[in-house]
Amino acid sequence: MNVSSKFGPSFLSALPALMRIILSASIAFSAFMGYYLTQRSVDLHACAVFVGIALLSGGASALNQVQERQTDALMARTMLRPIPRGVITVNQAIFMGTILSCLGILILCYVTTWLAVILSLVNFIWYVGVYTPLKRVSVFAVLIGAVTGALPPLIGCAAATGTISAYIVWVGAFMFLWQVPHFLLLLLKYGKEYEDAGIPTIMKQVPLERVKLIIFVWFFSTAAVTFMFAFSGVISSLPILIVLTITNVLFIGLFAWNLCGQTQTHGYGVVNRILYAFQVFVWGLLVWQVLL
């Protein structure tokens, strides 16, 4: 088989799904924001950080799908991914995952600091080598996985200055807390599929209403930690702080109302969209602060 048949149009069309390009871009944006909040400006280095993290995340996603190909094939949510569909082979996915990851690291090595590169490698290894295998054996993998969402802002900060500013740690804490209700909402929506695929969930051990309470507590904590932005200096504008307070109350109420009122699994997708909207809102406030 020649190269064109191995990496032909069908392979290229499936590559964005292998990289989970939207997820990779969101992780890269988080690192970009860490850089932007530190430097208070956008330059070519910031764009290079975005590209490097996006490639590294895309490579991690490809290797993750290699590891989870058997369980992916058992769940309706993931059975249309490239490897279960047979569009991309395991060897092709390993090859692309390795190439993308190496390209990402090379870019970061060239344009950032050693601390940023080390944190990026730690995040990559944590995701592929710790979190992904742990999903098969422990319900607490959700907390381990949340670490991978917390590190990108710190990577961006380290890329800008070579150090980690104290206030960026609170941005990382926000992202860590945000990840947990996101993962738990996915379990509420797809819990039966996870269990049928042999992935442990808390749904068998904890009553539904208790799970909802846990999700709300985590979301409330996510909203509450944003006030640390004011105490740590990320937000210094009184109008922005007032807007943050009012909208936090509105988001908490909207989230609780929709979460408690759900009786069907597909409804949890609406709650998750509220969660995403809250993250976008917080990023918007931080950009507003920088532009003042």
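F32 is buried in this predicted model, because its relative accessible area is 16% and the cut-off for buried is under 20%. Y36 is buried as well, at 9% relative accessibility. Both residues lie in helix α3, which covers residues 21-39. They are 4 residues apart, about one turn of the helix.

Now the rings of these two. A pair of aromatic rings is described by the distance of the centres and the angle of the planes. For F32 and Y36, the centres are 6.3 Å apart and the planes are at 10 degrees, so the pair counts as stacked. How many aromatic pairs are there? The count comes to 15. There is also an aromatic cluster, formed by F174, F219, F229, F251, F255, F278 and F281. One more ring to look at is Y190: R77 lies over its face, 5.2 Å from the ring centre.

Next, the cores. The largest nonpolar core has 79 residues, and the members that touch the most others are L185, I215, F229, F255, F278 and L286. Which helix gives the most to this core? Helix α10, residues 166-196, with 16 residues. Take I215 as an example: among its contacts beyond four places in sequence are L185, L188 and F255. A second, separate core has 13 residues, including F11, L18, A62 and M96.

Last, I88. This residue is in the loop between α6 and α7. Is I88 buried or exposed? I88 is buried, at 1% relative accessibility. Leaving aside residues up to four places away in sequence, I88 touches F11, A14, L15, L18, P82, I83 and A93. A14 is 74 residues from I88 along the chain, yet their C-alpha atoms are separated by 7.5 Å.

Note on methods
Residues numbered from 1 in each chain as written. Predicted model: local features only at pLDDT ≥ 70, side-chain atom pairs only at ≥ 80, totals over all residues. Heavy atoms only, no water. Helix = DSSP H or I, 4+ residues; strand = E, 2+ residues; numbered from the N terminus. Buried < 20%, exposed > 50% of the residue type's maximum accessible area, 1.4 Å probe, protein only. Contact = heavy atoms within 4.5 Å. Core = buried A, V, L, I, M, F, W, Y, C linked by side-chain atoms within 4.5 Å. Phe/Tyr/Trp six-rings, centres within 6.5 Å; stacked < 30°, edge-to-face > 60°. Lys NZ or Arg CZ within 6 Å of the ring centre and 35° of its normal.
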